[in-house]
Structure formats: C-alpha cells, structure tokens
Amino acid sequence: MNNLIEQTLQLFTQSEAGFWLPKSASTNAVGVDITFYYILWVCVFFFVLNVVLLVYFAWKYRRIEGKEPEHSPHHNTPLEIFWTVIPIIIVLIMFYVGFKGYMELRTPPSDAYEIQVSGQKWTWNFTYSQPFFYVSTNELHVPVGRPVKLVMTSEDVLHSMFIPVFRVKQDVVPGRYTTLWFNASEVGEYNLFCAEYCGTDHSNMIGKVVVHDPAEFVQWLEKAANYIDEIPDNDIQALAEAGEMLYNRKGCAQCHTIDGGIDDGPTFKGLFGRTEEFTDGTSLTADENYIRQSILQPLAKVVKGYDPVMPTFQGKLRDKEITAIIEYIKTLKSE
Ligand code: CUA
C-alpha cells in the first residue's frame, strides 16, 4: 500500500520538467509539487463533475410540452452531511500539507551552509566566507545534498530571489535581512531570476545557480578565492585587469569615478602622482603607500572638500588585491 502511494506520488513529483512545472532539483521541491498537484487534481475532478452534472440535469429536467414539472425534494439530511463533511476533509488536507510545507520552507536546518546575498540594481552578489572568502557576481555556486541558507539584503530597492527548480522565492528588502534555504538534489546549472520589478533592467537581473558535488564545490571556491595568487607578480597588465574587476565588485565604484566626475570620494582618474591636500592642512603626492593607507585606514588622511565617510577595507582585501587596485589606478592617467 505504502509502495503504491509512493509510486503514485513519484508520478507527480518526477524530477524532469513536466507540463505544469519546471524540473525539480531540490528536496523542498517534492513537497511543493505534491501540494500543487493535489490542489490541481482536486479542482480538475470537481470542475469536470460539476460540468457533467450541470449538462446532464439541464437535459434530464428540461421542459416537455404537455408535462407538468415534478415536485422537487426540499431536504435530505444524510446528503447535506455528506456534501459538507467530504469537502471539509479535502480542504483540511490542503491546509495541512500547505502549512507543513510552508513551515519547512521557512525553517532552515541549523547546520546549513550560509551564503550572504546582496541584490543591487541589477546584479546579485554572493559572498562566501567558509572555508574560503570569495564574492561572486550573478553566479550562485552551491554543494549538492547539503542545506544552503541564503541571508539576503538589498543595497537599493526591492528585489526578489527566485530559483524555479528549487521552488523557492523570497523578497530581498533594503535595510533588513530575509532568508531562504534549499537542499539541492541534483548537480547541474539552473536559472535564477529577480521576481520583483526593480527598474529599467529588472528583466536582465538574471543569474545562474551552479550545483557542484561537495568536493568539487570546495575546489571551485578555493580556486576562485585564490585567483589573485595565480597572477604572477610581474604581470602588471593582468594585475591592473584584476584591479578593475575589484574596483567594480568591491564597491570602489560607488564613490570614486574613473572619468574625473565628482562623487562622494576623489576621482581615480589621474590620482596616481597627483598632489592631494588634506583636511589637516598637509599635502602629499599620491603614491603606492598613500593609496594603500587610504584603503586600509581611510580616515588617516581625508582629502580637502570630502567627508570622512569611507569604511576601512582591512580584512576585505588581500595585499595582492590592493596591489592590483593600485596598478589599475596607475592606468587611469589624467589625459
Ligand atoms: Cu531586481 Cu527585479
């Protein structure tokens, strides 16, 4: 009997894409699909039953010339009880599976692997800190068969994290954290969408979920986190390119322009070798040591005319990444 139920459920929760739902690739998806198919087939059954009876009765009780209409019965207690109790049982089952599934989706296991997510017009940033530190853009990498918890916030407006194959969707809200969890059950590459209208490029706020087997995941993360070490110290051009990527990814671009434009911080254009005057009255020609100090202790020397608002990047950038940023700044000549 149990076997029969299991086989029947498998019919409805197959992992391949079906007519109604996309492929399912997480353990959470099973419960969501069972609930969906249960409600769907209950609705289909009663819709067909009602339409068939409606047509049949309309025909059976049609008016016939010369024949008086029959007196209809006006009460039948067993029938009333029957059609009250059966629907109540059916909707109580709906409530039970729905509520149980909702609670499961809202309660991440305590041993879940945590990834920080930030949504920003119009990209997703994923920050990993275990066992290596790395930030990836628009690509969420996760291990298979392990609960993963996303701790999400937005830098600007409302976004929404939507991963159809995992059957999860959750709003991403500025100024607070929301969470989402799943346990990927199949290695592969899947789509990830923003499901909340967030401006002009909302429809392009698309990412990828890459599910690795656990050992491969650690390897990927280690390689990604150590990419900077792969660049030879004397390959100045590769360092400058890495620096440009860091400039965009680590938030430098929020406050420092590269075209001479005014923003919250001094422009990077022509910065290297420029003489900067500071709020304490001193001045200095910008060199490697000055830029390095400005990244690690931004408030030590604040350029005249700017507010002391820059956060320290101590612990967020490795030494070689700082070198890469300096090499990038050197390429931004003032002419
Ligand atoms: Cu972000 Cu729509």
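Visitor: Where does Leu105 sit, helix or loop?
Guide: This is a predicted model, and in it Leu105 belongs to helix H3, which covers residues 77–106.

Visitor: Is Leu105 buried, partly exposed or exposed?
Guide: Partly exposed, because its relative accessibility comes out at 25%, and the buried label needs under 20%.

Visitor: What does Leu105 touch, leaving out residues up to four places away in sequence?
Guide: Asn28, Val32, Val168 and Trp181.

Visitor: Switching to the core. Which residues touch the most other members of the largest nonpolar core?
Guide: Tyr128, Leu140, Leu150, Met161, Ile163 and Phe166, out of 35 residues in that core. Helix H4 (residues 214–225) supplies the largest share, 5 residues.

Visitor: What about a second core, how many residues does that have?
Guide: That one is separate and has 26 residues, among them Tyr227, Ile231, Ala242 and Ile295.

Visitor: OK, surface now. Which residues make the nonpolar surface patch?
Guide: Phe19, Trp20, Phe36, Trp41, Val44, Phe47, Val48, Val51, Val52, Leu54 and Val55 make a patch of about 1100 Å². Val52, for one, lies in helix H2, residues 27–60.

Visitor: Where's His256?
Guide: In the loop that links helix H7 (252–255) to strand E11 (275–277).

Visitor: A loop histidine, then. Buried or exposed, that His256?
Guide: Buried, because its relative accessible area is 12%, and the cut-off is under 20%. Setting aside residues up to four places away in sequence, His256 touches Tyr247, Gly265, Pro266, Phe268 and Met310.

Visitor: Last topic, cysteines. How many disulfides does the structure hold?
Guide: The count is 0.

Visitor: So how do Cys43 and Cys198 come out, buried or partly exposed?
Guide: Cys43 is partly exposed, at 46% relative accessibility. Cys198 is buried, with a relative accessible area of 6%.

Conventions
Residues numbered from 1 in each chain as written. Predicted model: local features only at pLDDT ≥ 70, side-chain atom pairs only at ≥ 80, totals over all residues. Heavy atoms only, no water. Helix = DSSP H or I, 4+ residues; strand = E, 2+ residues; numbered from the N terminus. Buried < 20%, exposed > 50% of the residue type's maximum accessible area, 1.4 Å probe, protein only. Contact = heavy atoms within 4.5 Å. Patch = residues over 30% accessible without salt bridge, like charges linked within 9 Å, V, L, I, M, F, W, Y side chains within 5 Å. Areas by Shrake-Rupley, 256 points an atom, 1.4 Å probe, with all protein chains shown as cover. Salt bridge = Lys/Arg side-chain N within 4 Å of Asp/Glu carboxyl O. Core = buried A, V, L, I, M, F, W, Y, C linked by side-chain atoms within 4.5 Å. Disulfide = S-S within 2.5 Å.
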